[in-house]
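The sequence and structure are shown first.

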Amino acid sequence: MDVTGRKEAEKMLEIQRELGVSLSTTWNLQTMLTQILDACLKIEEIDAAGIYLKDELLDQINLVAHRGLSPEFVKSISIYRADSPEVRQIWTEKPVYRMDFFADKMVDLIRKERITAVAVIPMKHRGEIIGSLNFASHTTDRIPQNVRSFLESVAFQVVNYIAPLRIVADLG
């Protein structure tokens, strides 16, 4: 009897549990972002990640934490204006698991970075999109359904920790 699926599900639940415990013990936004990236990168199909937060003042989203990406790529993706195709997709509040929504320039950058699959998961708090969790793979051609469910669940979980700290940071 193959128990691979069950083992993967148990691993994902354990990662989420550990993440919840670690997030509930810190009030430092950068520490939280690091914990989120560390947790999600434990998933075999995911080897790169970035977290974007909305900047109301400048009408854009900013990359505030990342892993597994080249410095050149990070420089190119660190800021997206609110009217970009990438941000307009995030505002739809629907996760994206395909690369055809990116602007042509972005498609070239992704190809050069050798990214083969993506997941862009908007983070919504009290009816407002506050940013997104972005994940990528350099080894698989698509994000499997069980990993998609895990990533969406993590986004739902972490937004309740990030949003209050983001508000405090904006006020400070």
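The model is predicted. One cavity of 30 Å³ or more is counted, and a search of the whole structure finds 7 salt bridges. Three of these pairs are described here: Arg-6 with Glu-10, Glu-14 with Arg-17, and Glu-18 with Lys-42.

**The cavity**

- The largest cavity holds about 230 Å³ of space.
- Its lining comprises 22 residues. Those nearest the centre of the cavity are Tyr-52, Phe-73, Ile-77, Phe-102 and Asn-134.
- Both helices and strands contribute to the lining: helices H3 (71-77), H4 (85-91) and H5 (104-113), together with strands S1 (48-55), S4 (117-125) and S5 (128-137), each supply at least two residues.
- By class, 18 of the lining residues are nonpolar, 3 are polar and 1 is charged.

- Side chains of opposite charge can pair when their charged atoms come close.
- Arg-6 and Glu-10 form a salt bridge through their side chains, with an N to O distance of 3.2 Å. The two residues lie 4 positions apart in helix H1 (residues 4-23), so about one helical turn separates them.
- Arg-6 counts as exposed because its relative accessibility, 52%, is over the 50% cut-off. Glu-10, with a relative accessible area of 40%, is partly exposed.
- Glu-14 and Arg-17 are also joined by a side-chain salt bridge, at 2.9 Å from N to O. These residues are 3 apart in helix H1, and therefore about one helical turn lies between them.
- Glu-14 is partly exposed at 32% relative accessibility, and Arg-17 is partly exposed at 48%.

**A salt bridge between distant parts of the chain**

- The side chains of Glu-18 and Lys-42 meet in a salt bridge with an N to O distance of 3.5 Å. This pair links distant parts of the chain, its members being 24 residues apart.
- Glu-18 belongs to helix H1, whereas Lys-42 is in the loop between helix H2 (29-40) and strand S1.
- Glu-18 has a relative accessibility of 33% and counts as partly exposed. Lys-42 is likewise partly exposed, with a relative accessible area of 42%.

How values were computed: Residues numbered from 1 in each chain as written. Predicted model: local features only at pLDDT ≥ 70, side-chain atom pairs only at ≥ 80, totals over all residues. Heavy atoms only, no water. 1 Å grid on protein atoms, 1.4 Å probe; cavity = no way out; pocket = protein on both sides within 12 Å on 5 of 7 lines; lining within 4 Å. Points joined across faces, edges and corners; volume = space filled by probe spheres on them. Nonpolar A, V, L, I, M, F, W, Y, C, P; charged D, E, K, R; others polar. Salt bridge = Lys/Arg side-chain N within 4 Å of Asp/Glu carboxyl O. Buried < 20%, exposed > 50% of the residue type's maximum accessible area, 1.4 Å probe, protein only.
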